[in-house]
Amino acid sequence: MRIAILADLHLGYERFSSDSYSQAAEALEKAYQSADAILIAGDLFDYRHPKPEVLAEAINLFRNLSKKEFRAHVEGFEGRGAAYTGVPVFAIAGTHERRSEGAAHAVELLGLAGLLVDISQARAVIAMDDGSERIAVSGVGGIADERFREVLHSLNPKPAEGMFNVFMFHQSVHDLLPFDNDYINIEELPQGFDLYIDGHIHNRVERECHGKPFLIPGSTVLTQLKDAEQEEKGFFVYDTSQNTFSFEKINSRRLVFADVDVSGKTPKEVRDTIMERVEKTISGREDRPIIKLVLRGLLMDGFKNIDVNLQDIPARYGKNAIIEIDRKGMESITSKASLDGLRNGTLDNVSVNDSGIKILKGKLEAYKYDMSISPSLLFDILSSDEKRENVLKNAIDFIDGSKAKKPEI
Ligand SMILES: [Mn+2]
């Protein structure tokens, strides 16, 4: 069986929402063309509460996909929920869809509508229509990293006997992001599967787990605008009979990451350098790339960071490029000391959400909070979009409720 492996579609991602739709559509169409079944490792949506217009795009995408003639079908399902379609498109919730335990999430809605099969806490079997092969896919939806070991222990996913087994999840892994001991190590993942699939990390990764392939396809849309995202976007196709895989590219908006050294320059020279870089990048092409300019260095003595006016640059080139300017590394004599302090407090490569949880944990520890009452669930509650009074009430109810009874997974 040939299975297409996608992740992190981030439908509705605000900065590039039309890219998120068109690139997901292309990836799903190509996945259908090149595989018998499709697996999506979480973060189909960018938000926990996608707006109706985003849900509409998602429904259109997956309805179109579910009308196609696959050569395989869903044969069995065990776990939370049910399979409401026979179409072999499986997905799990990611960290972006994650909600409190028991509350319906957006991937589940697509599952309930019969547009895909939600295996966030389930194992399902896909069979070829001609009976030639069956494979089992065990899913564990995204959850706060500090709770993942506990959830793995409780769900205890096991391979099915006599067939090819896939384990699909959506977490940070310590081997790739060695910043936090809460992150799971690849070797701690359950044994006995033939293929391990992870989402969450937005660039492509090919590793091994218990001697078997461990694959992260990366996102189908640019989000973090980091250096590693300059590589091409796409998905894996894995052939279970040959145990081989390939990476299929999609057309993704070009990301150009440009370091601009401002050392010893005047504000005018910085401006000129930037405009020159932008013009060189867009000249002769009409693809409207994203250009991320990262300014570093110490300005000419006597000039301050604030003297460098670049506000009009994104609009000036708006027709030909999407420009982002990162000024954090630009220094002047007066601002250098405070900048160093700021920089020491920031963590590269950790998502804003993860950094937020870290900060909250630090504060809670200082107030002698009972750390067995999940700080990350508390963070989820505190970061909800509800009214301030409701948020505080929910948080207090959560803490009081947890004190009475340890939360179930
Ligand atoms: Mn993601």
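Asn243 is partly exposed, with a relative accessible area of 44%; partly exposed is the range between buried (under 20%) and exposed (over 50%), taken with a 1.4 Å probe on protein chains only. The model is predicted: local features need pLDDT of at least 70, side-chain atom pairs count only at pLDDT 80 or more, and totals for chains, interfaces and linings use all residues. Residues are numbered from 1 along each chain as its sequence is written, and side-chain values use heavy atoms, with hydrogens and water left out.

**Positive phi**

- Asn243 is not a glycine, yet has a positive phi of about 55 degrees.
- Asn243 sits in the loop between E12 and strand E13 (244–249). Helices (H or I, at least four residues) and strands (E, at least two) are DSSP runs, numbered from the N terminus.
- Lys368, also not a glycine, has a positive phi of about 60 degrees.
- The loop between helix H8 (352–366) and helix H9 (375–382) holds Lys368.
- Lys368 is exposed, at a relative accessible area of 75%.
- For context, most residues other than glycine have a negative phi.

- Distant parts of the chain are linked by the pair His10 and Asp43, 33 residues apart. His10 is in the loop between strand E1 (2–6) and helix H1 (17–34).
- His10 is buried, with a relative accessible area of 1%.

**Asp43**

- Asp43 lies in the loop between strand E2 (37–40) and helix H2 (52–66).
- Asp43 counts as buried because its relative accessibility is 1%.
- Asp43 has no salt bridge, meaning a side-chain nitrogen of Lys or Arg within 4 Å of a carboxyl oxygen of Asp or Glu.
- The nearest side chain of opposite charge to Asp43 is Arg98, 8.7 Å away. Lys and Arg count as positive and Asp and Glu as negative; His and the chain ends are not counted.
- Beyond four places in sequence, Asp43 touches residues including Asp8, His10, His96, Glu97, His170 and His202. Contact means heavy atoms within 4.5 Å.

- H1 has 18 residues and should span 26 Å at 1.5 Å a residue; its end C-alpha atoms are 26 Å apart, which agrees.
- The expected span is 1.5 Å times one less than the number of residues in the helix.
- Buried residues of H1 include Tyr21, Ala24, Leu28 and Tyr32. The buried residues of H1 pack against E1, E2, H2 and strand E12 (234–239).
- H2, with 15 residues, should span 21 Å; its end C-alpha atoms are 20 Å apart, which agrees.
- The buried residues of H2 are Val54, Leu55, Ala58, Leu61, Phe62, Leu65 and Ser66. They cover an arc of only 130 degrees around the axis, which puts them on the same side of H2.
- That arc is taken from the directions from the helix axis to the C-beta atoms.
- Cover for the buried residues of H2 includes H1, E2, strand E4 (89–91) and helix H3 (106–112).

**Ala124**

- Ala124 is in strand E6 (residues 121–128) and is buried, at 0% relative accessible area.
- Ala124 and Ser138 are 14 residues apart in sequence and 6.6 Å apart in space, C-alpha to C-alpha.
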